[in-house]
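Have the viewer open and follow along.

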Amino acid sequence: MLLSKKMNKKDLESAKDWIISNQSSNGSIYWDEKGKCDAWDHCECLIALAIFEEWTVFDKGIDWILNNINDEGLIYSEFNFNKPSKVFWEPHHAAYIFLPLLQRYLIDGKKEYLEKKIKELRKIYHGMKSFQDSNGYFYWAKNSEGYADNSLITASCSIELSRRAYKYISEIVGQNFVDTEDFLSREKLASKKFNRDGIDRSRFSMDSYYPLLCGYGVQKDITTLLQNFYIEGLGIKCVIEEPWVTLAESSECVIALLKAGEKEAAHQIFNDIVKLKNKNGVFPTGYQYELDLFWPDENSTWTNAAVIMAADCLFDLTGKEKAILI
């Protein structure tokens with residue numbers, strides 16, 4: 001079996017430090033120096049910081065979300081230099097906070113940290129739930145005029161992962177949790193409701209591997225995913241028709257494949273992407289292989305966070321195997 005060269009935290013220290021360098025004074029973690037931030041990618045960065053036990057900056061990042069949720073437990077979809085730049089709400093954004101919080105607990109075992117925040121977390125959970133329609137699907141967003149009538153596979157799978165993390169947190173702090181059944185199922189994921197505005201979404205790799213992260217896939221799904229999106233020696237494409245591999249999608253796919261028991265494929269893809277690390281030890285967002293250039297011309301924090309998460313799943317960077325969340 002082909003395995004990646006074993007990595008440790010030192011190998012990814014530069015990537016972690018670069019994430020921290022893009023955290024603002026109020027705790028939000030920008031994509032890069034341009035100042036864009038959204039809570040979903042911000043939380044992915046917090047998971048990476050938890051893996052490194054960087055608790056001071058981690059706590060600032062958690063507090064940024066809790067300080068920016070509204071009375072419904074929701075957070076604006078996007079910020080730019082800490083000012084809202086997309087004034088609508090998506091249910092999976094604030095709720096993703098449950099995953100870094102659970103990651104922290106599984107590393108340091110301090111339930112007191114969770115107990116202090118459970119009131120706000122309960123509000124966030126109910127805010128997320130308010131997007132669920134009568135058939136159990138989740139609207140993708142809402143603004144001051146109401147809900148958008150689209151449901152998205154990746155967002156819905158993220159919501160399900162957040163539900164599971166919140167359930168675990170509730171059990172840790174001794175709170176009752178009523179949503180014992182998954183929000184999703186393999187059958188529900190096959191619905192045409194997920195074809196946004198009637199357009200087939202299967203061209204996006206995330207919609208192929210996020211169900212695997214939730215444990216809904218079968219061997220046929222894995223085979224189709226690799227056939228459609230894997231470029232040998234380079235990684236996972238973001239969109240099926242574009243000659244563009246992206247390191248965040250590749251890293252998340254590594255985690256999904258590990259969860260599905262495809263250890264060799266996971267190691268192969270991770271081998272591919274670590275070769276793209278730059279001289280400063282930072283990972284680029286993506287590589288356009290027909291033009292032989294990194295595109296876009298950026299290094300995104302959430303990409304580097306995803307690489308760290310994949311490395312933890314492959315090599316147990318924390319020394320606590322149970323802390324592999326997804």
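Lys142 is buried in this predicted model, with a relative accessible area of 12%, which falls under the 20% cut-off. Its salt-bridge partner is Glu72, and the closest N and O atoms are 2.8 Å apart. Glu72 is partly exposed, at 40% relative accessible area.

Arg163 in helix H8 pairs with Asp182, which lies in the loop between helix H8 (153-173) and helix H9 (186-189), 19 residues apart. Arg163 is buried, with a relative accessible area of 2%, whereas Asp182 is partly exposed at 33%. Helix H8 also holds both Glu171 and Lys167, 4 residues apart, or about one turn of the helix. Lys167 is partly exposed, with a relative accessible area of 25%.

Here are the salt bridges described so far, with their N to O distances.

| Salt bridge | N to O distance |
|---|---|
| Lys142 and Glu72 | 2.8 Å |
| Asp182 and Arg163 | 2.8 Å |
| Glu171 and Lys167 | 2.7 Å |

Across the whole structure, the search finds 21 salt bridges. Elsewhere, Glu13, Lys16, Asp17 and Glu54 are linked in a salt-bridge network.

Now to the rings. The whole-structure search gives 22 aromatic pairs. One of them is Phe270 with Phe315, whose centres are 5.9 Å apart and whose planes are at 65°. The pair counts as edge-to-face because the angle is over 60 degrees. Phe270 comes from helix H13 (residues 263-274) and Phe315 from helix H14 (residues 301-315), so the pair links distant parts of the chain, 45 residues apart. Both partners are buried: Phe270 has a relative accessible area of 1%, and Phe315 has 8%. Another group to display is the aromatic cluster formed by Trp40, Tyr96, Tyr209 and Tyr210.

Lysines also meet rings here. Lys36 lies over the face of Trp31, at 3.9 Å from the ring centre. In a second case, the charged end of Lys188 sits over the ring of Tyr137, 5.2 Å from its centre.

Which residues make the nonpolar surface patch of about 310 Å²? Leu291, Leu293 and Trp295 make it. Leu293 is placed in strand S10 (residues 293-294) and is partly exposed, with a relative accessible area of 33%.

Methods:
Residues numbered from 1 in each chain as written. Predicted model: local features only at pLDDT ≥ 70, side-chain atom pairs only at ≥ 80, totals over all residues. Heavy atoms only, no water. Phe/Tyr/Trp six-rings, centres within 6.5 Å; stacked < 30°, edge-to-face > 60°. Helix = DSSP H or I, 4+ residues; strand = E, 2+ residues; numbered from the N terminus. Buried < 20%, exposed > 50% of the residue type's maximum accessible area, 1.4 Å probe, protein only. Lys NZ or Arg CZ within 6 Å of the ring centre and 35° of its normal. Patch = residues over 30% accessible without salt bridge, like charges linked within 9 Å, V, L, I, M, F, W, Y side chains within 5 Å. Areas by Shrake-Rupley, 256 points an atom, 1.4 Å probe, with all protein chains shown as cover. Salt bridge = Lys/Arg side-chain N within 4 Å of Asp/Glu carboxyl O.
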